[in-house]
Amino acid sequence: MDIADKPIDEARVPYQLPFPPDARSEIILPDVFGPDERLWVPQAEGVHFKPLCLNTTQGYYINLLRVRKSGVLSRHRHAGPVHAQVMKGKWYYLEHDWVAEAGSYIMEAPGETHTLVVPDGVDEMITWFHVTGGYVYVDPHGKAVGYEDVFTKIDRTREHYLAQGFGEDVVQRLIR
């Protein structure tokens with residue numbers, strides 16, 4: 001019997017059994033576009049991220065990236081897949097002929113190396129990113145100049161949030 005075929009009173013009864021004892025609770029962030037600027041972690045001049053989920057056991061992180069400047073943001077190589085959805089503004093990669101605009105979905109394959117650019121005239125760009133593995137920042141010839149992964153994101157988030165007066169619990173609730 002499908003749930004739609006059940007009497008309405010039984011269909012609306014919550015699940016009655018306990019959750020698995022080792023299951024983590026969900027992450028609920030009710031207003032990710034809310035007014036509290038302290039939750040945006042500075043990454044570079046005009047560039048901030050807001051962490052949504054920092055998963056150490058599976059090696060991924062999900063965040064909003066907000067850019068309030070135009071020009072080259074970074075050149076990087078992916079160790080794993082990246083999923084993105086542009087929420088506001090637009091951006092592109094020097095290595096491709098497409099532009100990611102508000103409403104666009106992008107899947108970037110492992111091994112992809114590209115240079116992210118926010119074009120002139122874009123006052124604010126916000127993109128939701130789900131990054132598996134991490135980035136290796138490279139120069140135009142592929143020489144590594146830095147890296148970023150879930151652990152560097154946690155470190156930067158922790159440092160910023162503690163400096164803003166948030167407790168360690170605000171960071172811990174994002175870690176899975």
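Predicted model: local features only at pLDDT ≥ 70, side-chain atom pairs only at ≥ 80, totals over all residues.
Visitor: How many helices and strands does the chain have?

Guide: Helices (H or I, at least four residues) and strands (E, at least two) are DSSP runs, numbered from the N terminus. The chain has 3 helices and 12 strands.

Visitor: In what order do the strands of the open sheet stand?

Guide: Strands of a sheet pair through backbone hydrogen bonds, either parallel or antiparallel. Two strands count as paired if DSSP finds at least two bridges between them. Here 6 strands form an open sheet in the order β1-β2-β3-β10-β5-β8, with antiparallel pairing. Because β1 (41-44) and β8 (105-108) stand at the edges, each with a single partner strand, one side of each has no neighbour in the sheet. From one strand to the next the twist averages 25°, where axes are lines fitted to C-alpha atoms, for helices over the stretch in contact, and angles run from 0 to 180 degrees between N-to-C directions.

Visitor: Which residue of β10 stands opposite Val82?

Guide: Strand β5 (residues 82-88) pairs with strand β10 (residues 125-132) in the antiparallel sense over 6 bridges, and Val82 stands opposite Val131 of β10.

Visitor: Which strands does helix α2 lie across?

Guide: Contact means heavy atoms within 4.5 Å. Helix α2 (residues 150-163) lies across β1, β2 (47-55) and β3 (60-67), and runs at about 115° to β2.

Visitor: What is the volume of the largest pocket, and which residues lie nearest its centre?

Guide: On a 1 Å grid over the protein atoms alone, a pocket is an open set of points where a 1.4 Å probe fits, with protein on both sides within 12 Å along at least five of seven lines, and lining residues have an atom within 4 Å of a point. The largest pocket has a volume of about 320 Å³, a volume being the space filled by probe spheres set on the points, which are joined across faces, edges and corners. Its lining has 20 residues, of which Gln43, Tyr135, Tyr137, Glu148 and Lys153 lie nearest the centre.

Methods
Residues numbered from 1 in each chain as written. Heavy atoms only, no water.
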